[in-house]
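Welcome! Here is a short briefing on the pockets of this protein, with a word on one residue at the end. Please take a look at the structure before reading on.

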Amino acid sequence: MNIKLDDLTGPEVASLIGEHLQGMALHSPSESIHALNLEGLKKTDITFWSAWEQDQLVGCGALKELDGQHGEVKSMRTSSSHLRKGVAKRVLAHIIEEAKRRNYQRLSLETGSMEAFEPARKLYESFGFQYCRPFSDYIEDPNSVFMTVEL
């Protein structure tokens, strides 16, 4: 698997982000969706990576800088045709390594509280993320859970 910096201009990435947003809309009420669209992912405080197997996009993930010591995992998504093949695990490991390289002290994330998000929560738990209170601009929301890990 090749994980590379991505400028979000390719049609494959646009399609995967679209799939991501559709999935969020399917499982979360609109006021509880915190996923970013293509324009949101192009902001200067966000670094976005795509994961490829040869010429096939298999997943993506992003890292948002909250401040000089704290980052946020964003837009973790595995292509529906590559689920349960270790894609998300590899992308998350890449994001964590980058956060460490940047000398962040903490990495946090928001994900859904519903059953559909259980595989994601289990993945984050396996990397040492623990449940926490809302961070940054997030507020308490029964449809969201917040997780963090000290690096």
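In this predicted model, 37 residues line the largest pocket, and M76, R77, A116, F117 and A120 are the ones nearest its centre. Two or more lining residues each come from α1 (11-27), β4 (70-78), α3 (87-101), β5 (106-112) and α4 (118-126).

**The largest pocket**
- The space in the largest pocket comes to about 960 Å³.
- Strand β4 provides the largest share of the lining of this pocket, with seven residues.
- By residue type, the lining of the largest pocket consists of 16 nonpolar, 13 polar and eight charged residues.

**The second largest pocket**
- About 180 Å³ of space is found in the second largest pocket.
- This second largest pocket is lined by 13 residues, with L36, K64, E72, K74 and Y138 closest to its centre.
- Strands β3 (56-67) and β4 are the elements that give two or more residues to the lining of the second largest pocket.
- The lining of the second largest pocket splits into four nonpolar, three polar and six charged residues.

**A look at P11**
- You can find P11 in helix α1.
- Is P11 buried or exposed? P11 counts as exposed because its relative accessibility is 63%, and the cut-off for exposed is over 50%.
- P11 and F117 are separated by 106 residues in sequence, and their C-alpha atoms lie 26 Å apart in space.
- F117 is also one of the residues nearest the centre of the largest pocket.

Terms used
Residues numbered from 1 in each chain as written. Predicted model: local features only at pLDDT ≥ 70, side-chain atom pairs only at ≥ 80, totals over all residues. Heavy atoms only, no water. 1 Å grid on protein atoms, 1.4 Å probe; cavity = no way out; pocket = protein on both sides within 12 Å on 5 of 7 lines; lining within 4 Å. Points joined across faces, edges and corners; volume = space filled by probe spheres on them. Helix = DSSP H or I, 4+ residues; strand = E, 2+ residues; numbered from the N terminus. Nonpolar A, V, L, I, M, F, W, Y, C, P; charged D, E, K, R; others polar. Buried < 20%, exposed > 50% of the residue type's maximum accessible area, 1.4 Å probe, protein only.
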